Amino acid sequence: MWREFKEFAFQGNIIDLAVAVVIGTAFNAIVSSFVEHIITPLIGMLAGGIDFTGLTISLGDAEIKYGIFIQSFVDFLIIAFSIFLAIRFLNKFKRKEVEEVEEKVDAQQELLTEIRDLLKEQNQKI
């Protein structure tokens, strides 16, 4: 059982997942800081300094703080859009790399096809 656990725990996939979690946590801190300290103040300035966090409804003894929910939802939309832009930016680089590799493969395939055709011609003559 120990051997199986060791194989499971130290597989490449588990290590990759752990690295992804650490990087994701750091990225979350960067995006949250970007939204909180740069984007939200700019949006607040453009919207006339509206702060949703103070909006509440009192029902008897209960106080419903729906403004905090609205602010959290707006923050989520901003964070989701920021991550979308970052991923879109990174995917552009990946596409360029894939296109370069495909171009190289196409040139190699063309040469291999020519060699194959020449070998077929030689075999037919014999």
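Visitor: How many helices and strands make up the secondary structure of the protein?

Guide: This is a predicted model. Along the sequence, the elements follow the pattern α-α-β-β-α. The secondary structure comes to three helices and two strands.

Visitor: What percentage of the residues of the protein count as buried?

Guide: A residue is called buried when its relative accessible area is under 20%. The protein has 126 residues, and the share of them that count as buried is 7%.

Visitor: Which residues meet in a salt bridge?

Guide: Side chains of opposite charge can pair when their charged atoms come close. The structure holds one salt bridge. The distance in this pair is 3.3 Å from N to O, and the side chains involved are those of Arg 116 and Asp 117.

Visitor: Which residues form the positive surface patch?

Guide: One member, Lys 92, is placed in helix α3, which covers residues 66-125. Patches take residues with over 30% relative accessible area, and Lys 92 has 44%. The positive surface patch is formed by Arg 88, Lys 92, Arg 95 and Lys 96.

Visitor: What percentage of the accessible surface belongs to carbon and sulfur atoms?

Guide: The accessible surface of the protein comes to about 11100 Å². Of this area, the part belonging to carbon and sulfur atoms is 66%.

Conventions:
Residues are numbered from 1 along each chain as its sequence is written. This is a predicted model: local features need pLDDT of at least 70, side-chain atom pairs count only at pLDDT 80 or more; totals for chains, interfaces and linings use all residues. Side-chain values use heavy atoms; hydrogens and water are left out. A salt bridge is a side-chain nitrogen of Lys or Arg within 4 Å of a carboxyl oxygen of Asp or Glu. Patches are made of residues with over 30% relative accessible area and no salt bridge: like charges are joined within 9 Å, nonpolar side chains (Val, Leu, Ile, Met, Phe, Trp, Tyr) within 5 Å. Accessible areas come from the Shrake-Rupley method with a 1.4 Å probe; for residues, only the protein chains shown count as cover. Lys and Arg count as positive and Asp and Glu as negative; His and the chain ends are not counted. The place of a charge is taken as NZ of Lys, CZ of Arg, CG of Asp or CD of Glu. Helices (H or I, at least four residues) and strands (E, at least two) are DSSP runs, numbered from the N terminus. Buried means under 20% relative accessible area, exposed over 50%, partly exposed in between (1.4 Å probe, protein chains only).
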